[in-house]
Amino acid sequence: MSTTYPRPRGTYDILPEDSHRWRHLEDVFLDVCARFGFRRIITPIFESADLFERSVGDTSDIVEKEMYVFSDRKGRRFALRPEGTAPVVRAYVENDMHMQGGAARLCYMGPMFRYDRPQKGRYRQFYQYGLEVIGSNSPAIDAEVIGVAGLLLCTLGLVGWKLEINALGAPTTGDAFERALVEYFTPHRDELCEDCRTRLEKNPRRLLDCKIPGCRAVAKDAPVGLDYLSPEDREHFDIVCGHLTRMDIPFVVNPRIVRGLDYYTGTAFEIVDDRLGAQSTLIGGGRYNGLVGQVGGKDQPGIGWAGGFERLLLALDEEHIAAGEPLRPVVTVVALGLQAAAAAPALAQRLRLAGLAVEYDPDKTSMKAQMKAADKSGARYALILGDDELAKGVVALRNLTDGAQQELAEMQAIALLLENK
Ligand code: AMP
């Protein structure tokens with residue numbers, strides 16, 4: 001039915017019949033993270049707009065075109081967070097987390113916001129999960145971080161994905177790379193879109209990331225970062241690849257991977273599922289060794305990745321994986337007659353106090369209607385309370401799977417239900 005106030009374009013409602021799938025993803029994600037020693041961090045949904053402009057980059061699509069920016073009543077500029085890394089790094093710096101010793105392993109999940117054209121797998125409000133390791137530049141950490149992503153997908157039962165990795169090179173080596181880009185793109189200046197002409201001057205790397213077909217055609221033969229790595233960066237990358245091979249995580253090197261955010265400096269990777277159509281990247285991430293300093297902290301290397309639950313669910317659908325089970329009550333209370341109806345809410349409360357999930361619907365009075373509701377809810381038992389039972393001080397417990405029914409004292413019924421919940 002249409003409403004006067006429909007939800008904003010690019011957003012969606014997660015209905016009760018689906019919400020258990022989201023819960024399942026949250027549970028599996030946190031469980032896999034915990035196996036690697038990641039602890040959850042929860043940051044605000046809005047941050048100062050500057051944070052993203054400086055870190056994600058003011059010539060990136062996200063900042064240039066997709067950010068929800070607003071001013072509060074005192075005229076301060078904020079943005080609904082378009083991504084999770086800059087806020088986590090901001091929190092790391094602001095809370096002096098470098099003092100805790102060792103690299104910080106942080107994971108997060110929650111809604112992110114980008115104003116983009118909505119399509120399958122792309123929304124204006126989407127639910128991202130991700131993680132960061134801040135304070136280590138070890139290639140073993142790169143491999144481990146990628147290993148979390150691989151293990152997450154495997155734990156969910158997904159097999160139809162592909163890991164692609166690349167190395168972008170630290171900013172010092174980026175200079176040579178950027179010069180090569182400028183040299184390559186300048187003769188094609190007229191074929192580029194207006195944004196890319198600006199990028200040619202301000203941020204040549206972004207030229208590789210334009211989605212406009214004309215620019216893509218030019219970028220196809222552009223120099224690749226892998227050819228411009230310093231010997232140290234090359235060694236780092238080779239060690240990461242060696243670890244991945246020994247960890248039995250299949251991957252391909254794709255020198256065309258560039259990430260859409262400015263802060264990436266080293267290993268970059270994407271996990272793609274080609275069956276998802278245009279929005280096929282399940283997870284994307286990489287190393288950002290300059291970001292902590294940029295956000296105002298003491299220079300610290302970092303690496304992380306993020307993915308969206310929406311695309312994960314699409315991938316699960318592709319592989320016909322149910323992802324969790326809907327919640328169902330253990331028992332439905334069926335009250336027959338006025339006296340039983342008067343006693344039923346207190347009975348239901350006692351059962352819940354004991355730890356059982358109980359359903360009781362006072363709007364249904366006939367045996368038939370109540371039994372039908374029990375069936376529909378998926379309850380395994382019906383606890384029937386009629387005048388007879390009330391008079392005797394017992395309850396009738398019916399097993400809805402095999403139809404067997406027995407008269408029990410309330411305490412016995414609770415014990416049996418707890419045993420079979
Ligand atoms: P990014 O922060 O752009 O590197 O994106 C990381 C991951 O977040 C992507 O691979 C997607 O799984 C997810 N994602 C990013 N943008 C959206 C969006 N607009 N809608 C749904 N998922 C998204």
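Strand S7 (residues 162-167) and S8 run parallel and are joined by 2 bridges. Welcome to a predicted model, in which local features need pLDDT of at least 70, side-chain atom pairs count only at pLDDT 80 or more, and totals for chains, interfaces and linings use all residues. Residues are numbered from 1 along each chain as its sequence is written, and side-chain values use heavy atoms, leaving out hydrogens and water.

**The sheet**
- Helices (H or I, at least four residues) and strands (E, at least two) are DSSP runs, numbered from the N terminus.
- The open sheet has 8 strands in the order S1-S5-S6-S11-S10-S9-S7-S8, with mixed pairing; two strands pair if DSSP finds at least two bridges between them.
- Strand S1 (39-40) and strand S8 (252-253) are the edges, each with a single partner strand, so one side of each has no neighbour in the sheet.
- In S8, Val-253 stands opposite Ile-165.

**Helices across the sheet**
- Helix H9 (residues 231-246) lies across S7, S8, S9 and S10, at about 160 degrees to S7.
- H5 lies across strands including S5 (104-113), S6 (125-134) and S11 (302-308), and runs at about 15 degrees to S11.
- Axes are lines fitted to C-alpha atoms, for helices over the stretch in contact (heavy atoms within 4.5 Å), and angles run from 0 to 180 degrees between N-to-C directions.

**H1 against H5**
- Helix H1 (residues 16-35) packs against helix H5 (residues 139-155) at an angle of about 135 degrees, with the axes 10 Å apart.
- The contact is made by Val-28, Phe-29, Val-32 and Arg-35 of H1 with Val-148, Leu-151, Leu-152 and Thr-155 of H5.
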